[in-house]
Amino acid sequence: MEGRFQQLTAPWFDQVYALLEEAFPPVEHRPREGQRALLEQPAYHLWGLVSAKDQLDALLAAWELEELRFLEHLAVKNTLRSKGIGAALLQWYLAKSERPVVLEVEPPTTQLAARRIGFYQRQGFHLNTYPYMQPPLQPDTQPIPLMLMSWPAPLTSAAFEQQKEAIYRQVYFLK
């Protein structure tokens with residue numbers, strides 16, 4: 001499967017956005033034009049699993065920042081979930097990482113959120129319990145209380161603050 005992972009460019013955008021809409025509620029991704037604008041950001045990259053029929057089956061969207069790699073989205077088509085594709089794509093990504101990798105998750109207050117955290121823990125991520133708010137991605141929405149997970153090690157308080165600041169500044173464009 002690894003040989004089929006590839007970097008995705010602008011021509012893939014419609015399939016990328018369709019998969020984001022399928023896999024995430026609107027508050028967890030940017031509006032279409034905002035998401036398209038990310039393709040102009042040099043630090044933003046998309047990788048995916050493309051079927052033999054040129055269909056996007058899985059997606060990993062990440063920011064290659066100086067201090068860390070921020071995994072913004074990992075998604076697999078509904079019909080292909082629970083087949084190890086997401087884990088394989090994530091492990092492929094981690095294997096080529098020389099920097100810490102950080103991602104956001106919902107607190108483990110629901111069964112689905114707890115299962116998602118468990119998935120990332122099985123991939124070697126650590127749940128950090130420091131307070132964190134995801135800035136709004138959609139107009140007229142509020143920040144969302146989330147948690148950061150980190151790989152390959154848990155974050156110290158100081159590292160958490162540094163990485164949070166980098167994410168806010170470079171991913172969410174906050175001053």
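Predicted model: local features only at pLDDT ≥ 70, side-chain atom pairs only at ≥ 80, totals over all residues.
A salt bridge here is a side-chain nitrogen of Lys or Arg within 4 Å of a carboxyl oxygen of Asp or Glu.

## The chain as a whole

Let's step back to the overall fold. The chain has five helices and seven strands, and from the N terminus on they run β-α-α-β-β-β-α-β-α-β-β-α. The radius of gyration is 15 Å, close to the 16 Å that the globule rule gives for 175 residues, so the chain is as compact as a globular protein of that length. Along its principal axes, the C-alpha trace spans about 45 × 35 × 35 Å.

Of the 175 residues, 46% count as buried. If you look at contacts with a separation of 6 or more, 63% of them come from residues 24 or more positions apart. The accessible surface comes to about 9100 Å², and carbon and sulfur atoms own 53% of that.

## Leucine 71 in strand S4

Strand S4 (residues 69-76) also holds leucine 71. How buried is leucine 71? Its relative accessible area is 3%, so leucine 71 falls in the buried class. Leaving aside residues up to four places away in sequence, leucine 71 touches Leu60, Ala61, Ala62, Leu90, Val101, Val102 and Leu103. Lysine 53 is another story: 18 residues apart along the chain, the C-alpha atoms of leucine 71 and lysine 53 are separated by 27 Å.

## More charged pairs

The chain carries 17 positive and 19 negative side chains, with the centres of the two sets 6 Å apart. In total, the structure holds nine salt bridges. One of them joins the side chains of lysine 77 and aspartate 57 at 3.8 Å, N to O. Lysine 77 is in the loop between S4 and helix H3 (85-95) and aspartate 57 is in strand S3 (residues 56-64), so the two tie together parts 20 residues apart in sequence. Lysine 77 is partly exposed at 21% relative accessibility, whereas aspartate 57 is buried at 12%.

Glutamate 161 and lysine 164 also form a salt bridge, with their closest N and O atoms 3.5 Å apart. Because they are three residues apart in helix H5 (residues 157-170), about one helical turn separates glutamate 161 from lysine 164. There's a network as well: salt bridges with shared partners join Glu64, Arg69 and Arg99.

Notes. Residues numbered from 1 in each chain as written. Heavy atoms only, no water. Helix = DSSP H or I, 4+ residues; strand = E, 2+ residues; numbered from the N terminus. Buried < 20%, exposed > 50% of the residue type's maximum accessible area, 1.4 Å probe, protein only. Contact = heavy atoms within 4.5 Å. Rg over C-alpha atoms; globule rule 2.2 N^0.38 Å. Areas by Shrake-Rupley, 256 points an atom, 1.4 Å probe, with all protein chains shown as cover. Lys, Arg positive; Asp, Glu negative; His and termini not counted. Charge placed at Lys NZ, Arg CZ, Asp CG, Glu CD.
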